[in-house]
Amino acid sequence: SRLFRYIRLKGNRMKRFKKICCLLLLLFGMLSVCSACGVEKKTDSSENTQVFVDCIGRQVEIPADCERIAAIDAFSGEVMVMIGAGDQMVACPQGVKSDSILQEIHPGLKETSVVQSGGSINAEALLSLNPDVVLLKYGLYIAEGEVEKLEKLGIPYLVVSYTTMEEQIDAIQLIGQVAGGDASVQAEKICDYYKNTIDLVK
């Protein structure tokens, strides 16, 4: 599967990731937070839209079938590729676009647009891509003026954020559900693998 291939290719990066996982597990006993990322989705009566609850609790109505997703968040971009939804991703951060491992998984990544620079969204470039929804980094959500750009464009956006591994799993599920189809199934497989890995190091 793409997940296992990705993990093998990551090599040393995954070793560092496991160390981080262990450190975060130690923090679980000190954290009393609940997952904010809403993986539940509500289908509108028109059946043309769905209402998702994003990672900060916002209810957002988006098209039922999102064929054009702008991932203005590195984590979201990486997940999109890993779950096989790279073809649906019309925008991603430069760091994701230039990642050679992600390019090997999804060669078309090299052609994906970049609509942000220096922590600022290029509204004109984003609008030209005609995205169905934007997966937005929390840092941009709280940055002055960035959300206003999206609201003026009328493009729905979901904020992707997490502070614990449990919330990260919820974020992966959310991205998978937005992408839909086989990508949603693959996202669940990644989450199951993630949970099993966490159980092993507990």
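Q: Which residues of H3 meet which residues of H9?
A: Contact means heavy atoms within 4.5 Å. Helices (H or I, at least four residues) and strands (E, at least two) are DSSP runs, numbered from the N terminus. Here Phe75, Ser76, Val79 and Met80 in H3 meet Gln168, Ala171, Ile172 and Ile175 in H9. The model is a predicted one, in which local features need pLDDT of at least 70 and side-chain atom pairs count only at pLDDT 80 or more, while totals for chains, interfaces and linings use all residues. Residues are numbered from 1 along each chain as its sequence is written, and side-chain values use heavy atoms, with hydrogens and water left out.

Q: At what angle do the axes of H3 and H9 cross?
A: Axes are lines fitted to C-alpha atoms, for helices over the stretch in contact, and angles run from 0 to 180 degrees between N-to-C directions. The axes of H3 and H9 cross at roughly 60 degrees and come within 10 Å. Angles under 35 degrees count as roughly parallel, over 145 as roughly antiparallel, 65 to 115 as roughly perpendicular and the rest as oblique. H3 is therefore oblique to H9.

Q: Is the crossing of H3 and H9 left-handed or right-handed?
A: A crossing is left-handed if the near helix is turned anticlockwise from the far one by less than a right angle, and right-handed if clockwise. H3 passes H9 in a right-handed crossing.

Q: How many residues of H3 are buried?
A: Buried means under 20% relative accessible area, exposed over 50%, and partly exposed in between (1.4 Å probe, protein chains only). In H3, 7 of the 9 residues are buried, so this helix is largely enclosed by the rest of the structure. The buried ones are Phe75, Ser76, Gly77, Val79, Met80, Val81 and Met82. After H3 comes glycine 84, with a positive phi near 80 degrees.

Q: How do H9 and H10 cross?
A: Their axes cross at roughly 165 degrees and come within 7 Å. H9 is therefore roughly antiparallel to H10. The crossing of H9 and H10 is left-handed. On the H9 side the contact includes Met165, Gln168, Ile169 and Ile172; on the H10 side, Ala187, Ile190, Cys191 and Tyr194 are among the residues that make it.

Q: What is isoleucine 172 in contact with?
A: Leaving aside neighbours within four places in sequence, isoleucine 172 is in contact with Phe75, Val79, Ala187, Ile190, Cys191 and Tyr194. Phe75 and Val79 are in H3, while Ala187, Ile190, Cys191 and Tyr194 are in H10.

Q: Which residues have the most contacts inside the largest nonpolar core?
A: A nonpolar core is a set of buried Ala, Val, Leu, Ile, Met, Phe, Trp, Tyr and Cys residues joined through side-chain atoms within 4.5 Å. The largest one has 38 residues, and those with the most contacts inside it are Ile62, Ile69, Ile83, Leu158, Ile172, Ile175 and Val178. Among the elements that give two or more residues to this core are strand S3 (59-63), strand S4 (69-72), helix H3 (74-82), helix H9 (165-179) and helix H10 (181-201). H9 gives the largest share, 8 residues. Another core lies apart from it, with 16 residues, among them Ala70, Leu126, Ile155 and Tyr157.

Q: Is leucine 174 buried or exposed?
A: Leucine 174 is in helix H9. Its relative accessible area is 0%, so leucine 174 is buried. The C-alpha atoms of leucine 174 and serine 184 are 10 residues apart along the chain and separated by 8.7 Å.

Q: How many disulfides are there?
A: A disulfide is a pair of cysteine sulfur atoms within 2.5 Å. By this rule the count is 0. Cysteine 191 counts as buried because its relative accessibility is 0%. Cysteine 92 is buried too, at 1%.

Q: Where is valine 114 found?
A: Valine 114 is in the loop between H5 and strand S6 (116-117). With a relative accessible area of 27%, valine 114 is partly exposed. Beyond its neighbours within four places in sequence, valine 114 is in contact with Cys92, Pro93, Gln94 and Lys97.

Q: What is the phi of asparagine 130?
A: Most residues other than glycine have a negative phi. Asparagine 130 has a positive phi, near 50 degrees, and is not a glycine. Asparagine 130 is in the loop between helix H6 (123-128) and strand S8 (133-137), and its relative accessibility of 54% makes it exposed.
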